[in-house]
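Q: Please go through the labels attached to this model one at a time. For each, set the value against the cut-off, and say what follows.

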Amino acid sequence: MSFLSKNLNLTSGLWPSGDFWPSDVLDIIKKYILSPKIIAVSGVAINIWYSGVLTQKILGHTNTVTVVSLSPNGKYIASGDADGNVKIWDSITGNCELSLKIQTKIKCLAWCPKSTYLASCSGNRVIVWNALEGTMCQSILSDVPNIVDQNDYREYVNEVLSVSWSPDGEQIATSNLDENVHILNFKRGFCEKKFIKFSRTDFSGISLRDKFVYIHRFNCPISWSPNYSKIASSINEGVIHLWDTISGKCSKRLGHINLVCSFAWSPNGTYLASVCYDMSRIFIWNTESGICEKTIDYDESLRKVGWSSDGRHI
C-alpha cells in the first residue's frame, strides 16, 4: 500500500506548516478529481485551497457554517449553517445556485451518488431535496416515533444525527440517537430495517435531556462502504462498528482510545481512516482483519479525515 501526498505525507505524518490548517476549521472534505484542492469552512466562510494556498473564499452565510459536502461529480458544494440554511454553490465559480431552508441547525448533508439529490436530517426525519430544482421530494421518518414530550426531550429519542447514501442511491443509512443504525428506502420513503447495537452507552440515571445534550456535543459519523457490503458507524464511544449490510450484524469493532469524531473509507473499501477528539493521530484500519495497520501523528488535534479519489492521499 502506497502512502503519498503533497498535502499530508502519510509516511512521516507531517502536514505543511503555516496557514494550511486554520485553527478554527470546523469541517473538511476529501479532495476531488485528481487536483490538489481542499474545501474547508471557517466561521461563515467556505475556503478553497489549492496546493496549500487559499485561492477562493465563498461568502453568503450569516451564521456559522456547520457542514460542507462536495457533490460526487465535483460540480457543486452544499453547505449548511447554524440557522438552518442550506446553500448549493457552483464549485468553480463560487456562485450560489440554490438556497434552501430547514428549521433546525444543519448537522449533516449527504449527496446521492449521481449528484442529483441532497439528504439532510431534521428531528427524527431525513429530508431529501432535488438539488437541481430546490424542491423537497421525500421526508422519511427514520423510526416509529416515541411519545412526544418536549419538556422531557422524548421527541429526540430517535433523532437522526448523520446520514449516508448507499452506493446505488437506493437506500440511506442513518445514525440515530437510539444508538442503532436505520436503513431507509429512498424511493418508497420508509425505514425498512434496523441494525441493533448489542451493548449501548451506559446512560443509567441520566435524564433524556442530559443524554440529548451529551450526544450533541459529538459527531456520530456513519458511512456506507464503496462496495455496498459494509456500513461503518460510531455513536458516543471510541469504537467504530462495521455492519454487514446483508445480515445486519456487526462484523468488526475497531477500538480507539477516545471518542471517534470522523472516519472515511478508502475508494476501494479496503481501508478506513479515523480520527478521535482531542487527539493528533490518524488511524488506518484494514476493514477485513479489523487491525490498525498504521498510525500517523500530527502536532494539533484533528477533527475530520478524508481520502483522495485515487486512494493515494489523505
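**Rings, burial, contacts and strands**

A: Searching the whole structure turns up six aromatic pairs, where rings of Phe, Tyr and Trp (its six-membered ring) pair if their centres lie within 6.5 Å. One of them is formed by W165 and F186. The model is a predicted one, in which local features need pLDDT of at least 70 and side-chain atom pairs count only at pLDDT 80 or more, while totals for chains, interfaces and linings use all residues. Residues are numbered from 1 along each chain as its sequence is written, and side-chain values use heavy atoms, with hydrogens and water left out.

Q: Why is the pair of W165 and F186 called edge-to-face?
A: The centres of W165 and F186 are 5.1 Å apart and their planes are at 75°; planes under 30 degrees apart count as stacked, over 60 as edge-to-face and the rest as tilted, so the label is edge-to-face. Ring pairs also link W165 and F186 with Y117 into a cluster.

Q: What makes this pair a tie between separate parts of the chain?
A: W165 belongs to strand 13 (residues 160–165), whereas F186 sits in the loop between strand 15 and strand 16 (190–195), so the pair ties together parts that are 21 residues apart in sequence. Strands here are DSSP runs (E, at least two residues), as helices are (H or I, at least four), numbered from the N terminus. In total the protein chain has one helix and 24 strands.

Q: How do you know whether W165 and F186 are buried or exposed?
A: The relative accessible area of W165 is 7% and that of F186 is 8%; buried means under 20%, exposed over 50% and partly exposed in between (1.4 Å probe, protein chains only), so both residues are buried. Over the 314 residues of the protein chain, buried residues make up 53%.

Q: Why does N185 count as buried, and what does its side chain reach?
A: N185, which is placed in strand 15 (residues 181–185), has 14% relative accessibility and therefore counts as buried. Its side chain reaches the backbone nitrogen of R188 at 2.9 Å, and it makes a polar contact with the side chain of E192 at 3.3 Å. A polar contact is a pair of N or O atoms within 3.5 Å; within protein, one must be able to donate a hydrogen and the other to accept it, and residues adjacent in sequence count only if both atoms are side-chain atoms. With neighbours within four places in sequence left aside, N185 is in contact (heavy atoms within 4.5 Å) with I140, E170, F190 and E192.

Q: What makes the links from H61 to S79 and to D81 polar contacts?
A: The side chains of H61 and S79 are joined at 2.6 Å, and those of H61 and D81 at 2.8 Å; with a limit of 3.5 Å, both therefore qualify. H61 lies in the loop between strand 4 (53–58) and strand 5 (65–70), and at 6% relative accessible area it is buried. Beyond neighbours within four places, the contacts of H61 include V44, N85 and W89. K87 is also in contact with H61, and the C-alpha atoms of H61 and K87, 26 residues apart along the chain, are separated by 8.3 Å.

Q: How do you know that strand 18 and strand 19 pair?
A: Two strands pair if DSSP finds at least two bridges between them, and four bridges join strand 18 (residues 230–233) to strand 19 (residues 239–244), which run antiparallel. I231 stands opposite W243 in strand 19.

Q: What makes the phi of S115 and of Y228 worth a remark?
A: Most residues other than glycine have a negative phi. S115, however, has a positive phi near 65°, and Y228 has a positive phi near 80°.
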